[in-house]
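This briefing concerns charged side-chain pairs and nonpolar packing. Please consult the sequence and the structure shown below alongside the text.

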Amino acid sequence: MDKIVEKIASIGIPGIMLMVAISMTGLSGAAAITAALALLGPGGMIGGVLTLVFAGAVASAITEYGFDALFRAVIKKMYQKGETKSSIKAKIEKGPWSKKLKVKAIYDLEKL
């Protein structure tokens with residue numbers, strides 16, 4: 001079991017996501033992996049693989065820069081690409097995050 005844990009840990013967040021998806025399928029072997037990848041993303045297995053790659057990139061960026069800095073940078077980039085402050089604010093308010101994070105994000109947005 002230690003070898004398997006070592007391999008999953010070396011993959012990081014995508015490994016955990018795949019492990020959870022596999023356990024949700026109720027299947028075993030190659031069928032479980034196929035079904036799990038199809039569950040993870042749009043477009044079947046390929047979408048699942050792309051979702052894992054994207055999740056790994058996001059997790060890596062959060063590890064390197066921190067969540068707050070990355071969140072602020074995304075808000076700033078949305079504004080630079082032409083979105084209005086009011087449209088960004090509406091997206092923040094509708095988002096699935098905590099009230100504290102919403103207040104912080106709106107404060108950062110208003111400073112732009």
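The model is predicted, so local features need pLDDT of at least 70 and side-chain atom pairs count only at pLDDT 80 or more, whereas totals for chains, interfaces and linings use all residues. Residues are numbered from 1 along each chain as its sequence is written, and side-chain values use heavy atoms, with hydrogens and water left out.

**Salt bridges**

- Three salt bridges are found in a search of the whole structure; the term denotes a side-chain nitrogen of Lys or Arg within 4 Å of a carboxyl oxygen of Asp or Glu.
- One of them joins D68 to K104, with 2.7 Å between the closest N and O atoms.
- D68 belongs to helix α5 (residues 67-80) and K104 to helix α7 (residues 99-110), so this pair ties together parts that are 36 residues apart in sequence. Helices are DSSP runs (H or I, at least four residues) numbered from the N terminus.
- Both partners count as partly exposed, D68 at 31% relative accessibility and K104 at 37%.
- R72 and D108 also meet through their side chains in a salt bridge, at 3.9 Å from N to O.
- Here R72 lies in helix α5 and D108 in helix α7, so the pair ties together parts that are 36 residues apart in sequence.
- R72 is partly exposed at 37% relative accessibility, whereas D108 is buried, with a relative accessible area of 14%.
- K91 pairs with E83 in a salt bridge whose closest N and O atoms are 2.9 Å apart.
- K91 counts as partly exposed at 44% relative accessibility, as does E83 at 25%.

**Nonpolar core**

- In soluble globular proteins, nonpolar side chains tend to be buried together.
- The largest nonpolar core comprises eight residues, namely F71, I75, I88, I92, L101, A105, I106 and L109. Such a core is a set of buried Ala, Val, Leu, Ile, Met, Phe, Trp, Tyr and Cys residues joined through side-chain atoms within 4.5 Å.
- Two or more residues of this core come from each of α5, α6 (85-94) and α7.
- Helix α7 supplies the largest share, four residues.

**Contacts of L109**

- Apart from neighbours within four places in sequence, L109 is in contact (heavy atoms within 4.5 Å) with I75, K85, I88, K89 and I92.

Terms used: Buried means under 20% relative accessible area, exposed over 50%, partly exposed in between (1.4 Å probe, protein chains only).
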